[in-house]
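Please look at the structure below before reading on.

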Amino acid sequence: MRSFLGRDILSLKDFERHEFERVFDVAEELRPFAENRQNTDLLTEKTLVTAFYQPSTRTRLAHEAAMHRLGGHVTGFSDPKMTRAGDFYQESIKDTVKMLEYYGDVIVMRHFQQGAPHEAAKWASIPIINGGDGWGEHPTQILTDLYTVYREKGYLDGLRWLAVGDMRMRTMHSLAYGLTQFDCPITFVSPPDMSLTDEFKAELEQYSLNFKEAEHVEQAIADADVILVEPVVQPDYTKARDERAGDIGLTPANYKITRQLLTTKAKSDAILLHSLPRMDEIPPDVDITRWSRYWQEAFNGVVMRMALLALVLGAME
Ligand code: CP
C-alpha cells in the first residue's frame with residue numbers, strides 16, 4: 001500500500017479500495033478520543049494551516065477540531081480578503097503556499113477555482129488537503145460519508161445508492177469516484193441543467209461504475225439503501241462568495257426528501273445523508289425520523305479528519 005505519510009489528499013480518483021479501508025481503520029482507532037471529548041498528544045509537534053478562500057462552517061472547523069483533538073496547533077485564515085491574495089496584490093497560489101509551508105506542517109485549502117489545491121500541491125513541500133475546489137471535488141466530505149455508511153451498515157459492497165441534487169457539485173464528483181472502488185450501484189437524480197456531464201459519465205463508464213439517471217426521487221427511492229442529498233437551490237461554487245439576492249426559489253418535489261416520501265416509499269433501514277448546509281430539500285421534520293444520519297455524519301467528519309491528519313503527518317502508518 002502507498003504510504004499516507006506526506007501525501008496530498010486532493011481527489012478520490014486516486015484512492016484505492018484498501019486505502020479507504022485503512023483510513024476507516026485509523027478513524028475507528030482514534031474515534032474514542034472524540035467520543036469521550038478528550039484530546040491526545042499524537043500531533044503535539046505539528047501545526048495545521050487553514051487556507052479558506054470560500055466560506056465554510058464544517059470543513060474548516062472539523063479540521064481544526066480534529067487537530068485540537070490530536071494535540072496539534074492551528075493557524076491560518078478564513079477570510080482571504082484580509083490576506084494579500086484577496087487585496088490589491090491578488091497574490092498567486094504559488095507565492096502564498098511558498099509562505100504557508102513555513103507556518104505549519106499540513107495545509108487544508110478550500111478555493112473557488114477548480115484545481116487550486118492541486119496547484120498548491122505542486123509548490124508546497126508539505127501535504128495539501130483539498131477542502132473543496134470550485135465544482136471540482138470534496139474528498140474529505142465523501143470519505144466522511146463512506147465512513148458513516150460503513151459504520152451504520154457494517155459494509156459497503158452491495159449497498160444501493162441514490163444521489164439527489166446538483167451533479168455539478170464537488171461532493172457528487174468525489175462520491176462517484178469513491179464508489180468505483182466498491183460494488184455499489186447508484187442512481188443520480190438532478191435537474192436537467194445540473195446533470196452529470198457527458199464527459200464525466202464517459203469517465204465513470206471507464207471505471208465500470210454501475211450508474212443510471214432518473215428524473216424524480218420517487219422513481220428510485222424504494223431501492224435505495226443510502227440516500228445522499230445535496231441542494232439544487234445553491235450558490236455558484238466558482239465564486240469566492242455568493243450573497244443571497246431576491247427570491248431564490250424552492251426545491252421542486254423531484255429533488256426533495258420529505259418525511260411522507262420516506263414513510264411511504266423508502267426502505268425501513270435506508271439511511272439518509274446530507275453534508276449540509278441545506279435549503280428546503282430535507283425539511284427539518286425529517287431530522288427525528290429513523291432515516292436521518294446527518295448529525296452522525298457531522299460527528300464522523302471530525303473523526304475522519306483526525307484519521308487523515310494522523311496519517312499524512314505520520315503519527316499513524
Ligand atoms: N459540507 C461542507 O462542506 O460544509 P461547509 O461548506 O460548511 O464546510
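The C-alpha centres of domain 1 and domain 2 lie 25 Å apart. In this division of the protein, domain 1 covers 12-137 + 301-312 and domain 2 covers 139-237 + 247-298, with bounds from an automatic or database domain assignment. Domain 1 gives 31 residues to the contact and domain 2 gives 33 residues, where contact means heavy atoms within 4.5 Å.

The model is predicted: local features need pLDDT of at least 70 and side-chain atom pairs count only at pLDDT 80 or more, while totals for chains, interfaces and linings use all residues. Residues are numbered from 1 along each chain as its sequence is written, and side-chain values use heavy atoms, with hydrogens and water left out.

Both domains give residues to the shell around the ligand, so the ligand lies between domain 1 and domain 2. Ser56, Thr57, Arg58, Thr59, Arg110, His138, Gln141, Ser275 and Leu276 surround the ligand, each with a heavy atom within 4 Å of it.

| Residue | Residue atom | Ligand atom | Distance |
|---|---|---|---|
| Arg58 | backbone N or O | oxygen | 2.9 Å |
| His138 | side-chain N or O | oxygen | 2.8 Å |
| Ser275 | backbone N or O | nitrogen | 3.2 Å |

Taken alone, the ligand exposes 250 Å², of which the protein buries 91%; these accessible areas come from the Shrake-Rupley method with a 1.4 Å probe.

Note on methods
Polar contact = N/O pair within 3.5 Å; in protein donor to acceptor, adjacent residues only side chain to side chain.
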